[in-house]
Amino acid sequence: MNGKRILDSKWIPKWKALAKGGLNPRKAVPPTKSKVYNLTMFPYPSGMLHLGHLRVYTISDVVTRFNRMKGYDVIHPMGWDAFGLPAENAAVERKANPAVWTSSNISKMKAQMEMFLADFDWERAVTTCDPSYYKWTQKIFLLLHEHGLAYRKKAEINWDPIDMTVLANEQVDDEGRSWRSGALVEKRLLEQWFLGITNYASALNKDLDTLKEWPNSVKTMQRNWIGESQGANIDFKLIGSKLVTVDSDVLTCFTTRPDTLHSVQFLALALDHPIVKELSFVDISLQDFVSKHSNSKSNVTTEPDTKDGYFLGLFAENPLDPYPDGDAIPVYAAPYVIGSYGSGCVMGCPSHDARDYEFWVDKFGDSAEFKPTVVPADSSVEVDLPFRPKEGRLNENTGKYAGLTVPEAQEAIVKDLEAKGLGHKTKQYRIRDWLISRQRYWGAPIPIIHCNSCGVVPVPDEDLPVLLPQVEGLVGKGGSPLGQLEEFVNCKCPKCGSDAKRDTDTMDTFMDSSWYFLRYTDPTNDKEMFSKELADSLMPVDKYIGGVEHAILHLLYSRFISKFLHDIKAWGGDHTNGEPIKRLITQGMVHGKTFIEPKTGRFLQKHELDFSGSKVFIKGTTVEPEITYEKMSKSKHNGADPAECIQKYGADATRAHILFQAPITDTLNWDEGKIVGVQRWLNKVISLAETIGERSPKEPEEAKSNEDFNAKETQLFNNVQDYIGSVTDSFGYSLSLNTVISDYMKLTNNIADNVNDPQVSISLLKSSLEKLLTIMSPVAPVTSEEANEILLAKQNIPWQSILKADWPEVEPRIENTQMNFSVMINGKVRFVFSGDKSLVVKDPTEVLDIVLGTENGQKHIGSKEVKRIIIKPKMMSFVLGK
Ligand code: ANZ
Ligand code: ZN
């Protein structure tokens with residue numbers, strides 16, 4: 001352990017004694033202002049804190065310390081996103097109990113967080129795998145079920161035919177093989193639980209506009225994910241249909257371009273459309289067509305780009321131009337139509353849509369005919385088909401709509417269709433309902449019982465939580481692990497009392513994390529998921545800091561569940577729209593320094609390199625490696641261990657370094673070598689405390705008042721105020737934490753420059769240093785506290801933690817009436833004299849008298865004869881006789 005770590009371990013217990021176990025004594029000072037809820041994305045307890053964690057938690061810790069010093073009532077909780085596959089895998093591999101594995105990881109990580117001084121509200125901690133937490137996750141599931149927002153539907157899963165088990169997508173490699181058995185993974189249909197997030201698609205999309213303090217990039221990602229399209233549903237009647245199982249003779253198409261209705265030349269149905277299903281019973285070549293295209297469907301659901309189509313022998317009519325006056329429109333089955341989007345039926349406009357164009361040309365080649373209806377606004381411009389204009393007009397093929405612009409035609413056509421009952425305006429969303437069933441062990445059991453007579457029966461409230469059964473030595477075989485535990489599966493139906501079976505799926509872990517910030521407001525409540533009163537007083541989250549990798553799923557699910565809980569009045573009221581997070585801050589990644597062998601491109605390990613000189617060489621050669629910064633990974637040998645860094649340099653230096661290297665939203669290139677600059681700064685602060693403390697009077701003395709400051713003092717005073725102002729701003733809205741560190745360094749140098757100047761009073765030096773120690777305490781609490789202790793001890797003042805201090809107010813700058821004069825004696829500058837600006841216009845002999853009143857005046861002029869005196873702004877010259 002080196003000196004810095006000794007300091008860390010000196011202060012941690014002292015703070016704990018003052019802060020009831022926390023790490024920040026300020027927490028014991030009653031707040032005077034409103035609540036501020038600072039949240040960071042809680043970690044998965046893998047057992048190892050990495051630099052990404054260190055970065056995000058340092059950011060939220062320093063901001064929280066600042067907010068507390070400002071007097072705010074800050075909530076800064078931490079917890080554990082503790083369910084999930086890694087624990088389960090570790091359990092299978094080591095025959096360990098995932099609960100034990102998880103809780104030992106939690107204690108390790110908690111200790112690592114303490115090492116870098118993160119001060120969280122541990123009294124609010126939640127652990128998602130704890131029954132006292134997942135009881136309420138299950139309750140939320142049941143509430144969703146009660147409101148028709150949780151339902152069962154058949155969906156595909158990955159099935160490993162050798163291990164006889166369900167696999168998560170991550171367990172299937174790129175070739176579609178199981179990670180463990182190597183078997184080719186099969187798709188199987190299984191009844192699974194879905195949550196109706198699509199019911200909230202419109203609100204989730206619209207309310208993005210109210211999130212003024214979210215990064216636009218994140219809002220755009222969410223918008224794209226939700227994928228709202230404005231358009232219309234248009235009904236096409238089948239001509240002389242003889243369908244049996246499908247009892248409607250209307251095909252509804254969703255289109256974003258109702259203005260192109262007159263250019264429709266075919267309709268295309270998805271392969272799983274009921275009409276295609278019916279017809280394929282009797283048509284073997286259609287069967288072949290469907291199965292050929294269904295089999296080619298890959299593991300991931302990418303959009304098939306095939307232009308293939310199969311004519312179904314059916315015709316439909318255009319609602320605005322019915323048969324027989326209008327054309328009979330052929331109906332195809334086509335793989336490019338997505339069954340789950342819109343109505344699974346497309347109105348094909350070869351003249352105006354690229355995909356429809358390709359489809360059409362593929363069918364008819366050179367003899368394909370076209371019916372363009374939209375032309376450029378400027379009719380002299382020639383265009384190629386397909387023509388997909390942003391600004392255009394309808395042509396003569398459109399009867400009464402000819403001449404209208406695209407938006408005008410859309411309005412008019414939809415209006416006419418509505419009048420005829422053949423169409424209406426609508427919106428479509430790309431987002432799908434949320435599949436939450438996992439055929440895994442380590443998750444919250446779905447609180448449902450299946451009864452032969454009553455069907456799906458929710459577990460009654462009084463029987464919650466449905467406990468995850470304890471297992472010794474999980475085996476990763478045979479479907480849902482819970483399904484093999486007879487004691488778990490077999491139960492009585494809560495409704496009729498007959499033998500029944502429990503649902504054996506567990507919930508997606510995103511469900512656990514979709515509401516943890518609400519639980520933090522009331523973490524120990526065993527009567528409710530949280531009290532409405534507490535949630536209302538603490539929500540919404542004011543700042544949420546975390547990785548941009550959660551921009552879509554986690555944040556969308558959190559918004560969905562929060563809005564749902566808001567709608568059922570579990571929290572909030574009419575004044576909110578149930579949005580849980582006011583401001584979102586996405587921190588950048590941490591990249592590691594990577595050494596590459598220039599010829600082969602091989603990643604080099606540290607032991608292959610020679611760091612002894614000013615340049616790095618590959619050991620035993622004169623070859624310099626290529627150096628880049630890349631995402632840290634084992635294969636690139638570019639990882640860095642935060643614990644090691646803290647051991648070496650201490651928590652303060654590590655924290656300051658991580659903030660200093662890059663703005664918080666940028667990628668941070670981690671280069672441990674650069675930490676020396678920060679160390680030098682921290683050492684300087686300590687030595688300033690020693691020097692200034694040494695020179696401070698042992699008895700309290702009255703500080704010089706601001707009006708009496710000379711030019712030097714005024715400048716130092718004003719600088720201190722400027723830096724306080726700048727640091728305050730940076731900690732405030734802009735969160736420009738890298739400039740905070742450079743401000744600290746500049747202010748430190750500023751004080752150091754004045755420390756040996758006899759014209760600067762010791763009381764001002766001392767108060768300047770105190771200000772510095774106060775404003776740097778959020779980032780470097782150990783150094784602040786240590787320097788403060790030195791300063792106090794030298795003055796025989798009993799120790800008081802500086803972490804309790806209020807954040808200093810910026811005092812008004814002092815208008816400078818003082819001027820620094822360089823004093824020349826016989827043509828050479830000998831010293832600087834600080835005096836009132838008015839000296840320039842004073843009688844020179846009076847000025848001489850004043851100068852003689854100073855130490856320097858006596859030393860350099862003394863009783864010598866003065867032959868000439870020149871006084872100018874910033875300059876005085878005395879010519880002395882022999
Ligand atoms: C006629 C048309 C003419 C269209 C035109 C586009 C351009 P977005 O914007 O992504 O919502 N469509 C509708 N349902 C579909 C399905 N199930 N599978 C594949 N494509 C489908 O896309 C909406 C457009 O995609 C719709 O507007 C429809 O083609 C097609 F010049 O209708 B359009
Ligand atoms: Zn029953």
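**Domains, ligand and helices**

Guide: The centres of domain 1 and domain 2, taken over C-alpha atoms, are separated by 47 Å, with domain bounds that come from an automatic or database domain assignment. This is a predicted model, in which local features need pLDDT of at least 70 and side-chain atom pairs count only at pLDDT 80 or more, while totals for chains, interfaces and linings use all residues. Residues are numbered from 1 along each chain as its sequence is written, and chains are lettered from A and ligands numbered from 1 in the order in which they are written.

Visitor: Which residues does the domain assignment give to domain 1 and domain 2?
Guide: Domain 1 takes in 36-140 + 510-587, and domain 2 covers 228-429.

Visitor: Which residues come nearest to ligand 1?
Guide: Ser229, Thr255, Tyr341, Gly342 and His352 come nearest, out of 19 residues around ligand 1, where a residue counts as near if its C-beta atom, placed from the backbone, lies within 6 Å.

Visitor: And how does that shell divide into nonpolar, polar and charged?
Guide: The shell around ligand 1 has eight nonpolar, eight polar and three charged residues; Ala, Val, Leu, Ile, Met, Phe, Trp, Tyr, Cys and Pro count as nonpolar, Asp, Glu, Lys and Arg as charged, and the others, Gly among them, as polar. Strands β7 (250-255) and β11 (345-348) each supply at least two residues of this shell, strands being DSSP runs of E with at least two residues, and helices runs of H or I with at least four, numbered from the N terminus.

Visitor: New topic: how do α17 and α18 cross?
Guide: The axes of α17 (residues 642-649) and α18 (residues 651-660) come within 7 Å and cross at roughly 120 degrees, the axes being lines fitted to C-alpha atoms over the stretch in contact, with angles from 0 to 180 degrees between N-to-C directions. The two helices α17 and α18 are therefore oblique to each other, since angles under 35 degrees count as roughly parallel, over 145 as roughly antiparallel, 65 to 115 as roughly perpendicular and the rest as oblique.

Visitor: Where is the cis peptide bond with Pro324?
Guide: That bond joins Tyr323 and Pro324, with omega about 10 degrees, and Pro324 lies in the loop between β9 (310-317) and β10 (328-333). The peptide bond from Met539 to Pro540 is cis as well, with omega near 0 degrees.
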